Amino acid sequence: MSQPGIPISGGAPAGLQAQNGAASASGSLYTNATKVFKGPVQNTLMSSQVSVSQGYNSQLPGSYPHLIPAKTLNPVSGQSNYGGSQTVSPLSNYQGPGQTLYRPLVASNPVTTSLHSGFVPRMPLPTFQNAAATSMPSGSFLPGASVQPPSNWQYNYPSTGSQTDHCPRASSQSMSGNTNLTTHQYVSSGDPSLQNSFIKSGITPNTNNGSVVVHNSYDEIEGGGFSATPQHTNKNPTMNRSVGYSYPSLPPGYQNTAPPSTTAMPPSSLNYPSGPQGFNQTPLGANHLTTSMSGLSLHPEGLRVINLLQERNMLPSTPLQPPVPNLHEDIQKLNCNPELFRCTLTSIPQTQALLNKAKLPLGLLLHPFKDLVQLPVVTSSTIVRCRSCRTYINPFVSFLDQRRWKCNLCYRVNDVPEEFMYNPLTRVYGEPHRRPEVQNATIEFMAPSEYMLRPPQPPVYLFVFDVSHNAVETGYLNTVCQSLLDNLDLLPGNTRTKIGFITFDSTIHFYSLQEGLSQPQMLIVSDIEDVFIPMPENLLVNLNESKELVQDLLKTLPQMFTKTLETHSALGPALQAAFKLMSPTGGRMSVFQTQLPTLGVGALRPREEPNQRSSAKEIHLTPSTDFYKKLALDCSGQQVAVDLFLLSGQYSDLASLGCISRYSAGSVYYYPSYHHQQNPVQVQKLQKELQRYLTRKIGFEAVMRIRCTKGLSIHTFHGNFFVRSTDLLSLPNVNPDAGYAVQMSVEESLTDTQLVSFQSALLYTSSKGERRIRVHTLCLPVVSTLNEVFLGADVQAIAGLLANMAVDRSVTASLSDARDALVNAVIDSLSAYRSSVLSNQQPGLMVPFSLRLFPLFVLALLKQKSFQTGTNARLDERIFAMCQVKNQPLVYLMLTTHPSLYRVDNLSDEGALNINDRTIPQPPILQLSVEKLSRDGAFLMDAGSVLMLWVGKNCGQNFLSRVLGVQNYALIPQTMTDLPELDTPESARIIAFISWLREQRPFFPILYVIRDESPMKANFLQNMVEDRTESALSYYEFLLHIQQQVNK
Ligand SMILES: [Zn+2]
């Protein structure tokens, strides 16, 4: 597939290839020693005499004598030649593989031509596509000097009608000069799922840089997205061959099929109905669409028009449920769970013009790797997929007869493979439509070897610890090392699991954990300008074989640096070292940092100005260096994901540091003001979250592709990843707690289509070394009227997508611009509704039932930490909130944005859940307004990452003594972060409720008990979205403002 649209992505595989090529050409990275002993690599653990070697390190003398335990180890052999191979050129000089490194992305061509990979862009590239590619200033805004950011979003690139219908093929060659509207045409012409309409199917333009690594781009995901040539050592000879060509690029079953051109698309799309066929019907001749969309699942309530100025309380007292797509129940019952996959519009507008009219964003929100209780897993030698667009067979395809099925994305008619005729579940032959693959919208396949370009990697975990004075002060090492010790046996993995550790301050310390040593050896590299890896083969070791050494080290580490005076932090060089160490295999790098990096590459300067915190302008949301992004892209290329744990009381420039995780598909954790004594509740939080982090499921060397029915086009991705080609997300690691969002447009009219489908496919290596593919398919109806589009709007998904877009807008334009755009999103859509749907113009603010919470959620977004103004929010906290918006699944994002408020001093068992013999009360959710509070009650606010229990001054004695365990109000401790477990039903109920809330999320919300005069009360009140604050409107004032604008 031609993917010229996004140079970064296009460039990446090539870049990676070159890197790997270089490495393999020189043999094993580290045996080819070209470098003679450089710098003080020492075995400080060995003996105090050797701890500081003469002259090698002027900074070190005396710094580490306390490190040295009494044990004596063999001196590191070959100390004078560690062979820090220089085949890898210093990263500081390294040209990224064609990445856009600077933002904002304006008119200059971001594709570096001096790529080390020699990658040549296939076509001239519209610059702003990089925005989407790097997902930096993505959004559908049009960054670029020539374009004034519109006051509102253009939800779709080709927002003008003329662009909508034009032929992508025709335009694709001539768009280099145009930075704006042409983008998605690249997408379309290159998008495999669409290409049949323009290109003979199967003719995949392979212009991949002349290097033939990826034969067929749309097999990248399933054919192994990495163009990596393994660099394994000789332990396993099979891993040494260049496997890039070893596997067929198509599953064998498809290899000898007739030329795909025999099935040109457009005719078939006319000849065959597009809808899925009822599988229960007789398979033969079942090729007409059930035209009945009559099974309308819409409740009459859903058809109501609401005047928000009159009906003030629209918030349901139970958690808001996503709308059910208006599909025939036979289809809907097979549909994907909205927790995994949902769309902002559950009724897809037939044309872009209709979508434009609705002024609502069209996009998907995904939680693709969510932990699932039930997941059908299919092991079959044949994974049945569309020969044209590579869609996996799914519940929404139609069977024309027993032997043929029609793809619901590109409409190609495919043969049913012989093996598929047999249903392993029913053990019946001849009912392919009853196979699990066509009965489950969410399914996982065990991938055969065609889906690999190298043998599945082992689980590799590298921990990188800041051990500067500041770090030691926080005491975090105790918690982390203890958590690791506690969970060492629970790390996902198998006998191949590898582990390693690096610590750093102004120098970098490695730890040899080679099996057979009597204790770990510490090796110090003080040359941070040109980092090399001493003894690479002993630094990442097999966990099983070296477990005792690892445990030894974890027990020793927290004490080793307690007397350090070293205040500097050479984070950048440490990351470079870690990257080099992990490059041959890939894996997960967990970095713990407690301050602003001050030494070497990637050093940063403070740039937060406290007195500007409250202003919406001039705040530093963009990275101050491209170092972390560049390194992240290198990591991504080598299947390394970097998770950042920032534990810092001071400004640490998360805007810059966060890039290391963002582009390598890692996660960011932030513990402001972490201190083991002064802030014990943070210790508990870190412990709990580490436990989840260390033991949760993990997928390695993953790629994700999202396909959609021909006519629709995906154009912008949100989340932590790197876009490798127009629609292939590179995820060196995938974790079950990450969410993603994409924006879409309607590229071709869907008038002949009644149903469209979206399919995400996530190919990953499990911690057990299996290659697996997790597939989710969502089916939605197509509608032709504006009213139907509005009726099917999913307001939570819309708010979530807008939040993602607003983060991008904040970065590319400004915070105030993003805030304006959020408000305009409400005004525009409600204006459209008023002018185009409502027949009689009544006074008031009229909204469709589906959007009754739209103004409230947008107001909540304006007051959310990411976008709020007028507060003293620290810059890093704001940036972290923005990271969360981008990386959290929708359900948590909504909770952070619009918390749930409950009255809890009168909990009862009425309507309670019963889970495993536990009774969980379900109090009603209240509006976020002080009007709902009363002094004689106690109220729990669940704001996602924090729980706040406000106790009113006149709260009943019953609650005080039987829940809080105090005799009177004054005795409630000033800082109370835990409820005592008392032997009363009241205590049991609230504890059950709070535990249940906590169990449902991957992070650990701290509980604060707040008295009326507590300083935390301000935080509690800040979340009262419906109330006015000094700098923000109340909900009612906001509604009046919207009404004014709408009725203009
Ligand atoms: Zn297809």
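Ala938 stands opposite Val951 in β33, a strand of a predicted model in which helices (DSSP H or I runs of at least four residues) and strands (DSSP E runs of at least two) are numbered from the N terminus. Because the model is predicted, local features need pLDDT of at least 70 and side-chain atom pairs count only at pLDDT 80 or more, while totals for chains, interfaces and linings use all residues. Residues are numbered from 1 along each chain as its sequence is written, and side-chain values use heavy atoms, with hydrogens and water left out.

**The sheet**

- Five strands form an open sheet of mixed pairing, in the order β31-β28-β32-β33-β34, where two strands count as paired if DSSP finds at least two bridges between them.
- The edges are taken by β31 (925–926) and β34 (1006–1010), each of which has a single partner strand, so one side of each is left without a neighbour in the sheet.
- Strand β32 (residues 938–942) and strand β33 (residues 946–951) run antiparallel and are joined by five bridges.
- Strands of a sheet pair through backbone hydrogen bonds, either parallel or antiparallel.

**Cavities**

- The model holds 11 cavities of 30 Å³ or more, a cavity being a set of points, on a 1 Å grid over the protein atoms alone, where a 1.4 Å probe fits but cannot get out.
- The largest cavity contains about 250 Å³ of space, the volume being that filled by probe spheres set on the points, which are joined across faces, edges and corners.
- Of the 18 residues that line the largest cavity, those closest to its centre are Ala655, Arg662, Ile879, Met882 and Cys883, and a lining residue is one with an atom within 4 Å of a point.
- At least two lining residues of the largest cavity come from each of α17 (654–657), α18 (659–662), α21 (795–812) and α24 (875–887), and α24 gives the most, with four residues.
- The lining of the largest cavity divides into 11 nonpolar, three polar and four charged residues, where Ala, Val, Leu, Ile, Met, Phe, Trp, Tyr, Cys and Pro count as nonpolar, Asp, Glu, Lys and Arg as charged, and the others, Gly among them, as polar.

**Helices and their burial**

- Helix α15 (residues 571–582) should span 16 Å, and its end C-alpha atoms are 16 Å apart; 12 of its 12 residues are buried, including Phe579 and Lys580.
- Helix α13 (residues 476–487) should span 16 Å, and its end C-alpha atoms are 17 Å apart, which agrees; nine of its 12 residues are buried, among them Tyr476, Cys481 and Asn487.

**A loop residue and the cysteines**

- Thr495 lies in the loop between α13 and β13 (498–504) and counts as exposed, at 56% relative accessibility.
- Thr495 and Asn544 are 49 residues apart along the chain, yet their C-alpha atoms are separated by 6.6 Å.
- The count of disulfides comes to zero, a disulfide being a pair of cysteine sulfur atoms within 2.5 Å.
- Cys343 is buried, with a relative accessible area of 3%, and Cys407 counts as buried at 1% relative accessibility.

Technical notes
Buried < 20%, exposed > 50% of the residue type's maximum accessible area, 1.4 Å probe, protein only. 1 Å grid on protein atoms, 1.4 Å probe; cavity = no way out; pocket = protein on both sides within 12 Å on 5 of 7 lines; lining within 4 Å. Expected span 1.5 Å × (residues − 1).
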